[in-house]
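Me: Please walk me through this chain, with the cut-offs stated as we go.

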Amino acid sequence: MISYLTRDNLNVKKYDRCIANADNTRIYSCSWYLDIVANEQWDVLVLDDYVAVMPLPKRRKYFLHYIYLLSWSQQLGVFGSTIDANLISQFIEAIPKKFKLIDIFLNSENRFNDKNITTRTNYILPLNSSYEVLFKNFKKGRKSNIKQALNSDLRIVQNYNYDDIITFFRANKGHEISKKESDYDTLNELIARGIELGMAESVGVINAQNELVGGAFFLKDTKRITYLFSSVDAEGRTNQAMSLILNDVIKRFESTNFVLDFEGSMIPEIASFFRSFGAVEETYYHYKKYVLFG
């Protein structure tokens with residue numbers, strides 16, 4: 001039986017155990033992550049004794065209750081060890097009718113047919129081979145870019161100050177995307193908490209003058225290393241700072257069971273960049289439905 005629980009009534013230990021052990025686990029679904037990005041305003045559908053779960057980020061505007069897309073969260077949906085189309089449908093049907101809009105990204109294992117579903121593209125790279133084998137699958141141009149970066153005066157700095165990377169992003173790319181002040185506050189809190197839990201890392205790239213020219217944040221759960229966020233300035237772009245960072249991550253986690261999750265993209269140029277590392281396409285799903293009656 002699928003039960004609907006509010007955040008206050010959730011057994012957090014059982015919930016997080018379900019997420020950690022799920023075949024399709026994603027860090028976005030961890031309770032600590034949701035508490036930050038949804039400001040603790042999320043409910044959960046639970047199958048039996050936490051056999052499978054579906055977190056529901058919620059908001060209310062006047063008398064309208066709705067489920068919405070969270071910032072910094074690519075894939076939610078149903079999580080568990082045995083997921084099939086029938087179970088996904090049961091969870092969707094179990095969403096309380098008080099929610100007049102359901103707008104949510106489902107994870108790549110949440111495959112089912114529905115008129116309210118559209119597909120989206122992600123790219124992933126399994127890291128269960130040696131670096132030498134992984135590097136052979138890089139595109140020729142990417143190999144050249146990495147050699148260029150390694151021969152430049154750029155240097156990777158682990159655990160770089162995340163405040164500085166966020167400020168750097170806002171200065172170099174903030175005008176191109178629609179992020180609010182609250183989104184950056186959330187990101188700051190998210191990375192701080194993730195680092196505290198050993199589930200996030202910040203990486204900077206500096207030049208010979210010790211100036212930041214590129215930076216990135218990565219999230220790490222039991223199965224995936226997720227490339228959450230990055231930015232470069234003109235110098236970092238010219239000298240391939242992001243190629244340097246991603247190559248370093250692939251090298252550090254070679255021959256493991258981790259998957260490098262590039263978190264997108266639907267933008268052709270960015271998708272091409274990810275594919276150049278040998279990444280393969282992964283489809284996930286956007287479910288959006290207006291509930292007029294009930």
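Me: Which exposed residues does α10 carry on the face turned away from its buried side?
Reply: Exposed means over 50% relative accessible area, buried under 20%, and partly exposed in between, with a 1.4 Å probe and protein chains only. Helices (H or I, at least four residues) and strands (E, at least two) are DSSP runs numbered from the N terminus. On the face of α10 turned away from the buried side, the exposed residues are Pro268 and Glu269.

Me: What does the model rest on, and which pLDDT do side-chain atom pairs need?
Reply: Residues are numbered from 1 along each chain as its sequence is written, and side-chain values use heavy atoms, without hydrogens or water. The model is predicted; totals for chains, interfaces and linings use all residues, local features need pLDDT of at least 70, and side-chain atom pairs count only at pLDDT 80 or more.

Me: Which residues of α10 are buried, and why do they line one face of the helix?
Reply: Helix α10 covers residues 268-275, and its buried residues are Ala271, Phe273 and Phe274. The arc is taken from the directions from the helix axis to the C-beta atoms. Down the axis of α10 the buried residues line one face, because they fall within an arc of 155°.

Me: What covers the buried residues of α10?
Reply: Contact here means heavy atoms within 4.5 Å. The cover includes β7, α5 (140-150), β11 (224-232) and α9 (241-252).

Me: Which residues of α3 are buried, and within what arc do they fall?
Reply: Helix α3 runs over residues 85-94, with Leu87, Ile88, Phe91 and Ile92 buried. They line one face of α3, because seen down its axis they fall within an arc of 140°.

Me: Which residues are exposed on the other side of α3, and which strands do its buried residues pack against?
Reply: On the other side, Asn86 and Glu93 are exposed. The buried residues of α3 pack against β1 (2-5), β2 (42-47), β3 (52-61) and β13 (280-290).

Me: How many bridges join β7 to β13?
Reply: Two strands pair if DSSP finds at least two bridges between them. Strand β7 (residues 117-126) runs antiparallel to β13. In that pair, Ile117 has Tyr287 of β13 as bridge partner. The bridges between β7 and β13 number eight.

Me: Which residues of β13 are the bridge partners of Ile102 and Ile104?
Reply: Strand β6 (residues 99-106) pairs with β13 in the antiparallel sense, over six bridges. Ile102 has Lys289 as partner. For Ile104, the partner is Tyr287.

Me: How many residues of β6 are buried, and which residue of β6 is the bridge partner of Tyr66?
Reply: β6 is mostly covered, with seven of its eight residues buried. Strand β4 (residues 64-67) pairs with β6 in the parallel sense over three bridges. The partner of Tyr66 in β6 is Leu101.

Me: How many disulfides are there?
Reply: A disulfide is a pair of cysteine sulfur atoms within 2.5 Å. Cys18 is in none; the nearest cysteine sulfur, that of Cys30, is 11 Å away. Cys18 counts as buried at 8% relative accessibility, and Cys30 counts as buried at 10%. The disulfide count is zero.

Me: How many helices and strands does the chain have, and what is its radius of gyration?
Reply: The chain has ten helices and 13 strands. The globule rule is 2.2 Å times the number of residues to the power 0.38, and the radius is taken over C-alpha atoms. For 294 residues that rule gives 19 Å; the chain comes close to this, so it is as compact as a globular protein of that length, with a radius of gyration of 20 Å.
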